[in-house]
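Here is a short briefing on one protein model. Look at the sequence and the structure first, then read the points below.

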Amino acid sequence: MREFEKKISVIVPVCNAERYVARCIDSILSSPLEDIEVIAVDDGSLDRSLEILMMYKDPRLKVFSKRSEGMFRTWKYGVERASGEYIVFVDADDYVSPALFETVESLLRLRDYDLIQHGWVEVYERSARKTCGSLDIPQGEYLGEELRRVKDGYLFGGQVKQRMFPLALYGKVFRAELFCSLLPALLENISAFAGESICIPYLSKMQSLYFLSDHLYFRRKEERSVVNQARALVDAKTLDGFLRANEERFSLPEDALDRWYYSFHLNVLEGAVRGKNDELAKRILGEKKFGALFAKYRRGLCGALLQKKLFPLARLSLKGRDAVLGARGAIASVFRKN
């Protein structure tokens, strides 16, 4: 049984983030709580990231440095050195609300939840707009039959790219005991879908959830690293194979596996179109399995354009969709404030 010294461990993977890491660490350390630890892991940065981290004197911050190994192994490195009963992941170029950890601690006085899922805000710095992300379920705790309905509706049965349970590490508070019990069996050799490779097994195994509608995490959406879409396609297939090989172990329904397969490949397809890699887009659309699922799930004008391989028009459609989603998010943010 793992010994816990703190209530919450915050894992911050850092790689060439000198422009943002101070804002990230400051936002975490602004919490007055003493019962947290911040584990910043420098993953072979070539800029001043490590130097900036070493300037902090707050005893709650622990700084580690290692050679570059990628996001998953950096997450794992941090978790292995964490002493918290709960684990929170914060990317070095993101930041959190000062209220995050006090809010989480107050909820954990009620019950030892396997997961606390809260809302987040996507911040577009160049355009000065924000998009709020959340689930459209009532705030509160979900156990037993109610949790099963949430899983069936949002994790296993969600509409692709619309109502699926968010499969990223941010916006979540994980129970360390459950997380660490799964960690040795998870994939380490993918990068494009590393968060999904952790969240799907974890969410399938969780027995208790508290959904918090507050937006407590701020995710920067511009100037992130450029994704190699060809490698991302390999990762999508690797993750699909892993999940299918562990279907019984993680209690994953077959139709959910198909939806995730479709979602991963659609993500790569849209990335390829945005990046003008039309040959890769044709390759994905030409796959028999994806083609069958695309015919079943595709929606709207963009889907029709992609199916016809009209990539220049699809690019314009994707840009238009981004603008509409951004406007909706900005309007929703205004209404929430008021």
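Predicted model: local features only at pLDDT ≥ 70, side-chain atom pairs only at ≥ 80, totals over all residues.

Residues are numbered from 1 along each chain as its sequence is written, and side-chain values use heavy atoms, with hydrogens and water left out.

**The whole protein**

- The protein has 13 helices and ten strands. Both are DSSP runs, numbered from the N terminus: helices are H or I with at least four residues, strands are E with at least two.
- Of its 338 residues, 54% count as buried. Buried means under 20% relative accessible area, exposed means over 50%, and partly exposed lies in between (1.4 Å probe, protein chains only).
- Take the contacts (heavy atoms within 4.5 Å) with a separation of 6 or more: residues 24 or more positions apart account for 78% of them.
- The protein exposes about 15700 Å², and carbon and sulfur atoms supply 52% of that area. The areas come from the Shrake-Rupley method with a 1.4 Å probe; for residues, only the protein chains shown count as cover.

**Strand S6**

- Strand S6 covers residues 115-124. Ten of its ten residues are buried, so the strand is largely enclosed by the rest of the structure.
- S6 pairs with strand S9 (residues 172-175) in the antiparallel sense, over three bridges. Two strands pair if DSSP finds at least two bridges between them.
- S6 also pairs with strand S10 (residues 208-220), in the parallel sense, over nine bridges.
- Leu115 stands opposite Phe174 in S9 and opposite Leu209 in S10.

**Lys66**

- Lys66 sits in strand S3 (residues 61-66). Lys66 counts as buried because its relative accessibility is 11%.
- Its side chain makes polar contacts with the side chains of Glu69 (3.2 Å) and Thr74 (3.1 Å). A polar contact is a pair of N or O atoms within 3.5 Å; within protein, one must be able to donate a hydrogen and the other to accept it, and residues adjacent in sequence count only if both atoms are side-chain atoms.
- Not counting residues up to four places away in sequence, Lys66 touches several residues, including Val41, Asp42 and Tyr77.

**Glu287**

- Glu287 lies in the loop between helix H10 (278-285) and helix H11 (288-297).
- Glu287 counts as buried because its relative accessibility is 17%.
- The side chain of Glu287 makes a polar contact with the side chain of Lys237 (2.8 Å).
- Not counting residues up to four places away in sequence, Glu287 touches Lys237, Tyr261 and His265.
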